[in-house]
Amino acid sequence: RKVALTVDGAAFLEHCERVFGEIEAAEQQLRDNRERPQGRLRVDVPIAFGRQLLLPALPQFTARYPGIQLEVQLNDRVVDLVEEQIDCAIRLGPVRSADLVARRICSTRWYTCASPDYLERAGRPRTIEDLRRHRLIGFLSGKRPAKWHFELRGRRQQVALPCAVAFNMADANVAAALRGHGILQCVDMLVAEPLRAGRLERVLEDHEAAGPPISAVLLAPQRNNARIRAFTDFAAELLQRLRRELDTSPAIG
């Protein structure tokens, strides 16, 4: 009628209690991380997106997720997430890699813009052909400036235009346009603030075409990572709010 632990049994029980305690602590830590994401997060974003959109919004992100140590890599090349140990990347355009999970977070449009002082000096183009008589600021894609995108009579067109100057960084194009060097075409998100401030004006609004989608990409095993989900949710919220503002703001023409 009496049972007592042997010395070995007592040691075994103590070991089991310690193991189960560690498991319970690990499960609690996992629950805490899901509710309050924390730890190191490495992200890769396009240069212009990082400088013009992400950096101004970082105080909001760090206030919302104080436990995340965010490391941001800015560049305009497509990085290998495994090789460069990147947790998540923001990409413009289609994602074709079968190894990646892509979450489309926002649509874009191609805006053709110039500064008010340039338009006052050179006049406002009324047709696509009028652009050939203006100073154009191009974006270098490889060895040549990229074609410009328009919609004409319900059909998308890509037009090669002569550029007075061209850069390989989108925010350099925007900076040149702000200084009155000519007309540029770029993704609408990158000129939202100068348009709102009246420092740039849209032209050829009737010919604006849909732009490339913006997506967050990650490796498939990371799809449930709380830190990545926190960042992609924040990026989606930021860009979709900007999308709504652009869609409801009147074009100046």
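Mentor: Buried means under 20% relative accessible area, exposed means over 50%, and partly exposed lies in between, with a 1.4 Å probe and protein chains only. The model is predicted, so local features need pLDDT of at least 70 and side-chain atom pairs pLDDT 80 or more, while totals for chains, interfaces and linings use all residues. Residues are numbered from 1 along each chain as its sequence is written, and side-chain values use heavy atoms, without hydrogens and water.

Trainee: What percentage of the residues in the protein is buried?

Mentor: The protein has 253 residues. It contains 6 helices and 13 strands, which are DSSP runs numbered from the N terminus (helices: H or I, at least four residues; strands: E, at least two). The buried share of the residues is 41%.

Trainee: In what order do the 5 strands of the open sheet lie?

Mentor: Two strands pair if DSSP finds at least two bridges between them. In this open sheet of 5 strands the pairing is mixed, and the order is 2-1-3-13-4.

Trainee: Which are the edge strands, and by how many degrees are neighbouring strands turned?

Mentor: Strand 2 (68–74) and strand 4 (100–106) are the edge strands, since each pairs on one side only. Angles here run from 0 to 180 degrees between N-to-C directions, with axes fitted as lines to C-alpha atoms, for helices over the stretch in contact.

Trainee: Which residue stands opposite Asp44 in strand 3?

Mentor: Strand 1 (residues 39–45) runs parallel to strand 3 (residues 88–92), and 2 bridges join them. Opposite Asp44 is Ala89.

Trainee: How many residues of strand 13 are buried, and what is the bridge partner of Ala102 there?

Mentor: Strand 13 is mostly covered, with 5 of its 6 residues buried. Strand 3 pairs with strand 13 in the antiparallel sense over 4 bridges, and Arg91 stands opposite Ser215 there. Strand 4 also runs antiparallel to strand 13, joined by 6 bridges. In strand 13, the partner of Ala102 is Val217.

Trainee: Which residue stands opposite Ile137 in strand 11?

Mentor: Strand 11 (residues 183–187) has 5 of its 5 residues buried. With strand 5 (residues 110–114) it pairs in the antiparallel sense over 4 bridges, and the bridge partner of Trp110 is Val187. Strand 6 (residues 136–141) pairs with strand 11 in the parallel sense over 2 bridges. There, opposite Ile137, stands Leu184.

Trainee: Which residues of helix 4 make the contact with helix 2?

Mentor: The axes of helix 2 and helix 4 (residues 170–178) come within 7 Å and cross at roughly 60 degrees. That makes helix 2 oblique to helix 4, because angles under 35 degrees count as roughly parallel, over 145 as roughly antiparallel, 65 to 115 as roughly perpendicular and the rest as oblique. From helix 2 the contact has Ile47, Ala48, Arg51 and Gln52, and from helix 4 Ala170, Asp171 and Val174.

Trainee: Is Glu208 buried or exposed?

Mentor: Glu208 is in the loop between strand 12 (201–203) and strand 13 (214–219). Neighbours within four places in sequence aside, Glu208 is in contact with Arg109, Trp110, Tyr111, Glu151 and Arg202. Its relative accessibility is 8%, so Glu208 counts as buried.

Trainee: Is Pro66 buried or exposed?

Mentor: Pro66 lies in the loop between helix 2 and strand 2. The C-alpha atoms of Pro66 and Arg36 are separated by 8.8 Å, and these residues are 30 residues apart along the chain. Pro66 has 66% relative accessibility and therefore counts as exposed.

Terms used. Contact means heavy atoms within 4.5 Å.
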